[in-house]
Amino acid sequence: MERFSPEAVFADLEALRARRPLVQNITNFVAMTVSANVLLALGASPAMVHAAEEAEDFAAIASSLVINIGTLTPAWVASMKTAAREYGKLSKPWVLDPVGVGATKLRNEMAASLIQLKPAVIRGNAGEILALAGSFGGARGVDSTAGSQAARASAIELARSTGAIIAVTGEIDLVTDGQDVVSIAGGHGLMPRSTALGCALSGVVAAFAAVNKPFDAAVSALTVYAAAGSIAGRRVKGPGHLPAELCDALFHLTSNELRANTKIESTAA
Amino acid sequence: MERFSPEAVFADLEALRARRPLVQNITNFVAMTVSANVLLALGASPAMVHAAEEAEDFAAIASSLVINIGTLTPAWVASMKTAAREYGKLSKPWVLDPVGVGATKLRNEMAASLIQLKPAVIRGNAGEILALAGSFGGARGVDSTAGSQAARASAIELARSTGAIIAVTGEIDLVTDGQDVVSIAGGHGLMPRSTALGCALSGVVAAFAAVNKPFDAAVSALTVYAAAGSIAGRRVKGPGHLPAELCDALFHLTSNELRANTKIESTAA
Amino acid sequence: MERFSPEAVFADLEALRARRPLVQNITNFVAMTVSANVLLALGASPAMVHAAEEAEDFAAIASSLVINIGTLTPAWVASMKTAAREYGKLSKPWVLDPVGVGATKLRNEMAASLIQLKPAVIRGNAGEILALAGSFGGARGVDSTAGSQAARASAIELARSTGAIIAVTGEIDLVTDGQDVVSIAGGHGLMPRSTALGCALSGVVAAFAAVNKPFDAAVSALTVYAAAGSIAGRRVKGPGHLPAELCDALFHLTSNELRANTKIESTAA
């Protein structure tokens with residue numbers, strides 16, 4: 001079995017469904033319900049827990065964590081840091097979703113301070129990854145105007161400078177550790193028209209990080225999501241029912257569907 | 001008409017639809033939208049109001065309150081206590097949903113301090129009720145690994161020690177005042193795969209507490225939900241559309257549907 | 001082309017879809033996901049950003065703002081005021097949704113203090129507009145028991161005293177600048193049974209305020225929403241799927257659908 005292949009991805013999905021990892025989410029208010037539903041449909045056990053006072057207790061029982069700065073305030077970021085440190089102490093993986101970085105100084109500072117706490121994976125759109133890499137990203141709130149291919153060089157650079165796996169999502173997704181770059185095709189053009197599906201994907205990366213190494217986990221998460229998104233997109237006539245159809249597609253996703261709806265390619269950086 | 005029967009439950013539902021009680025929700029961020037939609041579909045008038053500064057004013061106009069500690073922080077718990085005290089002063093009922101109790105010390109302390117303020121009903125899954133009763137509950141975040149039958153003895157004990165009606169939900173639901181135990185069958189296996197449906201049910205208990213005594217209200221709420229959940233579950237092919245179908249089933253629920261989709265049994269404790 | 005006509009409304013919609021304005025939302029927890037999805041379906045680019053620390057940076061890049069006091073606390077209101085002031089400095093429009101005003105002293109005070117910061121449009125139901133105008137509104141939490149026609153005189157008075165455009169939504173919607181009153185028919189009886197659709201509409205008003213003057217923007221927003229709501233309402237069998245169908249109807253809304261599903265009338269105040 002090739003390392004980055006539909007077969008390897010589906011093996012991760014089966015491991016996830018069997019183990020049902022408890023995934024802590026410190027995410028934004030818009031994404032909470034969608035993220036929980038996506039994780040439940042996938043087969044994980046999500047918990048939305050953000051109080052600093054229970055960070056230590058919760059890190060002890062959960063398998064992984066996602067931190068998403070979408071609706072950040074300084075108080076929430078303090079909780080995020082406390083939680084990230086607890087996962088660090090226990091060598092458990094956590095994923096950073098730097099929503100809207102580049103749009104405001106607060107976001108830039110908060111994202112930078114979280115990256116110092118060593119996320120296993122950083123997942124963002126091209127604009128966010130460009131902004132993080134210090135390039136001129138043209139971040140525009142929470143949307144991205146740049147394509148993910150444009151962020152390829154920045155992603156590789158960011159992976160090298162931070163030690164994190166970088167996952168850039170867009171029409172074509174990229175995952176890199178700074179040495180290899182895996183590209184994943186799939187998804188559907190309606191996905192950006194339904195809120196928080198990218199945020200929920202960061203939770204999916206965290207769920208897979210409970211069953212495999214960060215690089216493989218990110219590839220598996222993005223591939224599963226690309227396949228389910230592609231299936232869901234074809235079943236709707238607009239963005240309205242997309243989150244529900246995405247959950248159903250994740251819930252039922254088979255090995256054949258995975259193979260038929262995505263394409264994975266691996267190259268050197 | 002028997003006290004705990006589909007006929008009595010439907011009479012409560014008709015009273016609720018006619019009166020349209022204003023139900024205050026201090027609930028978690030994941031559950032807010034779902035809870036509001038479930039309560040609107042049921043025929044209640046939900047309000048999500050959590051500021052301590054308006055607790056007194058709001059308790060004066062609302063009929064009942066649900067407090068849910070899902071995404072708790074100490075600041076929110078302070079608001080919850082203020083609101084619980086206001087309802088206590090006015091002898092209006094409030095319902096506690098101790099989400100995730102047993103998972104962290106913070107949750108155990110906060111749940112214990114809220115129970116001292118005398119909720120009319122406590123609704124949880126088996127793990128949460130076991131944890132509250134001081135048994136070894138094996139609570140696992142917000143999910144439950146124990147069945148509701150396993151929590152029967154703990155629920156009876158908890159009802160006796162707190163004076164609250166205890167409602168334990170799972171494949172078979174139980175409601176007890178420490179003397180009698182009513183069991184309710186219904187629902188659907190997909191319900192735990194859609195987030196916050198248990199939280200929304202606690203809101204439904206609060207809505208029924210506006211039209212009947214706490215024991216009867218809990219039985220009516222769980223029975224109506226079990227019937228609607230069963231109907232909704234058969235209409236979907238996965239968890240994605242379940243919340244929407246649950247709302248539609250609640251909105252249209254008839255006496256015949258209620259009778260055909262649930263089974264209520266009453267025994268001594 | 002008449003100023004308040006389906007043709008003028010559709011021209012605004014096309015301008016909005018072409019320009020895709022970045023709309024900041026400081027809204028309540030119940031409405032965030034629905035509002036974001038409605039704005040995305042409409043063709044705008046929503047951002048849920050509420051930290052006072054990034055208010056200045058965000059006002060600089062966004063086109064308009066909606067402030068909704070649904071789940072207010074004093075800390076959030078401080079952020080709302082900071083944001084409103086930044087938009088004021090830049091002469092960018094912002095919309096106030098005074099959810100539940102009249103129900104508690106806190107809401108009355110907070111709404112009054114926000115109105116002093118000069119919203120371009122205030123959108124509420126009849127009870128809220130009556131309460132704001134100092135009439136006896138009988139506000140009942142977040143619902144309205146008064147019809148929008150009953151609020152006509154209050155809306156005119158409120159427009160004159162505040163300088164804001166007043167939009168009252170109900171079975172028939174009204175928009176007034178204190179001189180002219182535009183009434184808009186459409187929508188669907190199920191809309192009040194699905195949470196936060198009114199809140200999301202306030203976001204839609206803000207989106208249109210990025211492409212036209214406040215009065216015209218409010219008329220365009222309410223007309224587009226009334227048409228899409230009417231279409232969506234006919235496609236569902238209960239409130240459950242209404243938000244998803246509303247998004248699909250907004251996403252695909254054509255000039256012919258707009259004309260066929262609404263009626264706009266303009267009279268002197």
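Which residues does Val205(B) touch, not counting residues up to four places away in sequence? I looked this up and found Val95(B), Val121(B), Arg123(B), Ala167(B), Ala217(B), Ala218(B) and Ala221(B). I took two residues as in contact if their C-beta atoms, placed from the backbone, lie within 7 Å.

A note on the model: it is predicted, with local features needing pLDDT of at least 70 and side-chain atom pairs counting only at pLDDT 80 or more, while totals for chains, interfaces and linings use all residues. Residues are numbered from 1 along each chain as its sequence is written, and chains are lettered from A and ligands numbered from 1 in the order in which they are written.

Next, the core. Val205(B) is among the residues with the most contacts inside the largest nonpolar core, which has 333 residues. A core here is a set of buried Ala, Val, Leu, Ile, Met, Phe, Trp, Tyr and Cys residues joined through C-beta atoms within 7 Å; buried means 20 or more other C-beta atoms within 10 Å of a residue's own.

Then I compared chains C and B. A rotation of 120° with 0.0 Å of shift along its axis superposes chain C on chain B, at RMSD 0.0 Å (least squares on C-alpha atoms of residues with pLDDT of at least 70 in both). That is the relation of a three-fold axis. Phe29(C) comes closest to the axis among residues of chain C, at 3.8 Å for its C-alpha.

Last, I checked their contact: 29 residues come from chain C and 24 residues from chain B.

Technical notes. A residue is buried if 20 or more other C-beta atoms lie within 10 Å of its own, exposed if 12 or fewer, and partly exposed in between; C-beta atoms are placed from the backbone.
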